[in-house]
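Subject: Structure for your files

Hello,

Here is the structure I said I would send. My notes on it follow below.

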Amino acid sequence: MAGERPLPKPTPETEHFWEGTRQGELRLQRCDDCAHVYFPPRPFCPQCASREVSVFAASGRGRLESYVINQRGHPAFDGPYAIALVTLDEGPRLMSNIVECEQTPEALVLDMPLEVRFVRQNDEITLPLFAPAEARS
Amino acid sequence: MSQLSNQVAIVGAAETTELGVIPHMSQLQLHADAALNALADAGLKPSDIDGVATAGESPTAIAHYLGITPTWVDGTAVGGCSFMIHVRHAVAALLTGMCRTVLITHGESGRSGVGRGGRRMDAASLQGQFEMPFGPMGPTTLFTLPVLRYMKRYGLTHEQLAMVAVVQRQWAAQNPRASYRDPITVEDVFASRMIAYPFHLLECCLVTDGGGALILTTADRAGDFPQPPAYVWGTGESVETPMVSQMEDLTTSRAFSVAGPAAMRSAGISHGDVDHMMIYDAFAHLPIYGLEDLGFCERGTAGAFIAEGNTAPGGSLPLNTNGGGLSYMHSGMYGMYALQESVRQIRGVAPAQVADVEVSLCLGVGGMFGASGCVVMGRQPRS
C-alpha cells in the first residue's frame, strides 16, 4: 500500500469485531431469541430488538455481491481498485476490497466465492479483506 | 373548492439568479439569493414568512440572515431529498396552524466551495468503521455500488444505462439554463472518462453551484399571489440506511418504495394520472430504480423503457425535463431543482414545457439510497 487508509475508531459496541480481526476471526452477532445473524455490530437484534445476543466467529467465506472499480487516485491504493460488497455465507453483507486478484471486470466476476484475509494496519486495527477462494496460497 | 382549507399550495418558486459556477457568492448567500427571488415571485417580503425549513445550513442561520422571526422551523437534513420532506412537513405545519407562510431554501457552493463547511466522516461512525477503510471516495464510488448486481439480476446493459444520459441530454438541449446542452450518443458516453466502473463521466451528475427556494401557504390564500399555484396533492418520506453496503436489496430502494407510493396514495392518483415526472438522477441508474420502485415499470424493465424513448421529448412519460442532475445542474443536494422543474411544468413556463401538465410527481433521494421524499403536485386543487 502506498499510503494509509482512513482507519476505523472502534466504539464500545464494535470493539469485539476489531478484537476479532486482530486475532484472525471475523466476528458476527446472532440473536439468542430469534437466531437472526446481523452486521454491523450492535448490542441488540435489529430484527426483534432483543438485547440477548451472542458474538460468534463466522466462516470467513462469502461471495462477490457487487463492486465498482474506482479510477480516481486514492493515497492508500496503487492504480484502479475495486470497492466490493461481499455477502457472507452467514447472510450479512459488508464492504471490503478484493486482494490476490486483478482489479478488472474480467477477473472480478459476480458471485465468485471469496474468503477472508486479515490485513494488519497497526497494533489496533486489522482489516478484513477478501481473496478469491480458489487462490488459496 | 370547499376542500381548499385542507390543502396547501406552492405560491412562490425560484432558483438562484445564476446557476453553474458562482465563485462570487458564499453558500449562505446562495440560499438568500434564491429566497429573495422566490419572495419576489410570490410578491412577499421576509417579514411575511413565519416558517423556515432548510438543509445544508441551519434554519437558525437562514432565518437570522434573512431577518425572519419564525414560529415553526424544520432542519431535516437527510441529503438531496430533504426539500421534498420539508414540503411534506410544511403541509402538516400549515394545516395545523403552526405557521401561515413557509419558506424552504437550498443553496450550495458545490463547485466553488465558498463558505461551505467540511464533510469529514467520523472514524468512529459506522460508515467510518465499516466503509471508509475500504477506499470509497464519495458518491461516485458509493451510490454506484449496487448497479452491477442489478445488471446481473435483470440483464440491464451498459448501452441502456448510457441511454439514460443520452435521453436527458435531449431535454437539456431545450433548456438555456442547462450546464450541458450539446446532444450526445451512447458512443459519446462510452468514450467519456471511466470514473468508477461501470460508470463513465457522462453517467455521473454535474458538480455546480446554485440554489432554489419555495414558498408555501394554505390553498385558501393561493389566489392572493401573482403566480399560478402548484397544489400539493400528496407527499411521502422514508429513510433506509446511512451505509449503501447495508441496503436490504441492492436492486431496489426501500426508501423509494415507501415514500413514492405513500405520495401517490395520499394524492389519490394512479400511474396513468401522472403527466410529468422528476426522479433525482445523481447517477444514471437512479431513474431506473425510481420508475420500478414507484411501479411505473415492472422489475427489470425500466432500462429498456428509457432506452426506447418513453421518457424522452415526445414520449409517453416525460421525465427529468430540465435535463436532470446529469445535464442541468447538480450542486450536491439536487432535490430542490427537481421541485422547481415540477412547479414550472405545473405553471406551464418550463423551457421544455410538456403540454397540459395537470399532475407532476417529484421523487427525491438522499444519501446513497439512504432516504427519499416524494411530492405530487397538481395544477388544480385536489378534488
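**Around B:Gly332**

Leaving aside neighbours within four places in sequence, B:Gly332 is in contact with B:Glu108 and B:Gly110; two residues are in contact if their C-beta atoms, placed from the backbone, lie within 7 Å. B:Gly332 sits in the loop between α12 (324-327) and α13 (335-347) of chain B. Helices here are DSSP runs of H or I with at least four residues, strands are runs of E with at least two, and both are numbered from the N terminus. B:Gly332 is buried because 23 other C-beta atoms lie within 10 Å. The cut-offs are 20 or more other C-beta atoms within 10 Å of a residue's own for buried, 12 or fewer for exposed, and partly exposed in between, with C-beta atoms placed from the backbone. From B:Gly332 to B:Leu363 the separation is 31 residues in sequence and 16 Å in space, C-alpha to C-alpha.

Before you go further, note that this is a predicted model: local features need pLDDT of at least 70, side-chain atom pairs count only at pLDDT 80 or more, and totals for chains, interfaces and linings use all residues. Residues are numbered from 1 along each chain as its sequence is written, while chains are lettered from A and ligands numbered from 1 in the order in which they are written.

**Strands of chain B**

B:Leu363 belongs to β10(B), where B:Leu363 is the bridge partner of B:Ile279. Strand β9 (residues 276-279) and strand β10 (residues 359-366) of chain B pair in the parallel sense over four bridges; strands pair if DSSP finds at least two bridges between them. β9(B) is covered on both faces, with B:His276 and B:Met278 buried on one side and B:Met277 and B:Ile279 buried on the other.

Strand β1 (residues 8-15) of chain B is mostly covered, with eight of its eight residues buried. β1(B) runs antiparallel to strand β7 (residues 209-218), to which seven bridges join it. Three bridges join β1(B) to strand β8 (residues 230-239), also antiparallel. B:Val8 has B:Thr218 as its bridge partner in β7(B) and stands opposite B:Val232 in β8(B).

**Helix α3 of chain B**

Helix α3 (residues 82-95) has 14 residues and reaches 20 Å from its first C-alpha to its last, close to the 20 Å expected at 1.5 Å a residue. That expected span is 1.5 Å times one less than the number of residues. Twelve of the 14 residues of α3(B) are buried, among them B:Phe83, B:His86, B:Arg88 and B:Leu94. Just after α3(B), B:Gly97 takes a positive phi of about 80°.

**Chain B as a whole**

Chain B has 13 helices and eleven strands. Its C-alpha atoms fill a box of roughly 50 × 45 × 40 Å along the principal axes. Buried residues make up 63% of the 383 residues in chain B. Of the contacts in chain B between residues at least 6 apart in sequence, 76% join residues at least 24 apart.

**The sheet in chain A**

Three strands of chain A form an open sheet in the order β2-β1-β3, with antiparallel pairing. Its edge strands are β2 (37-38) and β3 (53-57), each pairing on one side only. Strand β1 (residues 27-31) of chain A is joined to β2(A) by two bridges, and A:Gln29 has A:Tyr38 as its bridge partner in β2(A).

Regards
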